[in-house]
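The sequence and structure are shown first.

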Amino acid sequence: MNKRLGIIGITVKNRFKAAPKVNQTLSEHGNIIVGRMGLPFREKDVNVIGIIIEATTDEVGSLTGKLGMLEGVKVKSLLV
């Protein structure tokens, strides 16, 4: 399969509960991650993580599926 460039947007509602699981999942898929930026959005009580990836659609599906199953975590992806 061809690798494609993409962006994954992640929001985390309860940082102290979900962050360790989010970080573990991202580490497990570290081979497809090109860059990462995380920002707290204190006014909305949410944390936002932006991930730049180079991956196959199967790899993206695996990562976003695992993240999306975590409580308080929402995920959206865009491949170009």
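Predicted model: local features only at pLDDT ≥ 70, side-chain atom pairs only at ≥ 80, totals over all residues.

N47 itself lies in strand β3 and touches I10, T11, V12, R15, L39, P40 and F41, leaving aside residues up to four places away in sequence. Is N47 buried or exposed? With a relative accessible area of 17%, N47 is buried, because the cut-off for that class is under 20%. Also facing β3 is I10, which stands opposite I49.

These pairs belong to an open sheet of 4 strands in the order β2-β3-β1-β4, with antiparallel pairing. On average, and with direction ignored, neighbouring strands are turned by 15° against each other. Two of the strand pairs are set out below.

| Strand pair | Sense | Bridges |
|---|---|---|
| β1 and β3 | antiparallel | 9 bridges |
| β2 and β3 | antiparallel | 8 bridges |

The β2 and β3 strands form a hairpin with 4 residues between them. In its turn, D45 has a positive phi of about 55°.

## Helices on the sheet

The helix α1 packs on the sheet and touches β1, β2, β3 and β4. The direction of α1 makes about 160° with that of β1. The other helix to be described, α2, lies across β1, β3 and β4, and runs at about 165° to β4.

The length of α1 can be checked against its residue count. At 1.5 Å a residue, the 14 residues of α1 should span 20 Å, and the end C-alpha atoms are 19 Å apart, which agrees.

Which residues of α1 are buried? They are A18, V22, T25 and L26. These residues cover an arc of only 95° around the axis, which puts them on the same side of α1. The cover over the buried residues of α1 includes β1, β2, β3, α2 and β4. On the face of α1 turned away from its buried side are the exposed residues F16, P20 and S27.

In soluble globular proteins, nonpolar side chains tend to be buried together. In this model, the largest nonpolar core has 17 residues, and I10, V22, L67 and V73 are those with the most contacts inside it. At least two residues of this core come from each of β1 (4-12), α1 (15-28), β3 (46-55), α2 (57-68) and β4 (73-79). The largest share, 4 residues, is supplied by β3.

What does L67 touch, not counting residues up to four places away in sequence? Its contacts are I10, V22, T25, L26, V73 and V75. Among these, I10, V22 and V73 are listed with L67 as having the most contacts inside the core. V22, T25 and L26 also belong to the buried residues of α1.

Taken together, the sheet with the order β2-β3-β1-β4 carries α1 packed on it, and α2 lies across β1, β3 and β4.

How values were computed:
Residues numbered from 1 in each chain as written. Heavy atoms only, no water. Core = buried A, V, L, I, M, F, W, Y, C linked by side-chain atoms within 4.5 Å. Buried < 20%, exposed > 50% of the residue type's maximum accessible area, 1.4 Å probe, protein only. Contact = heavy atoms within 4.5 Å. Pairing = 2+ DSSP bridges. Axes fitted to C-alpha atoms, helices over the stretch in contact; angles between N-to-C directions. Expected span 1.5 Å × (residues − 1). Arc of directions from axis to C-beta.
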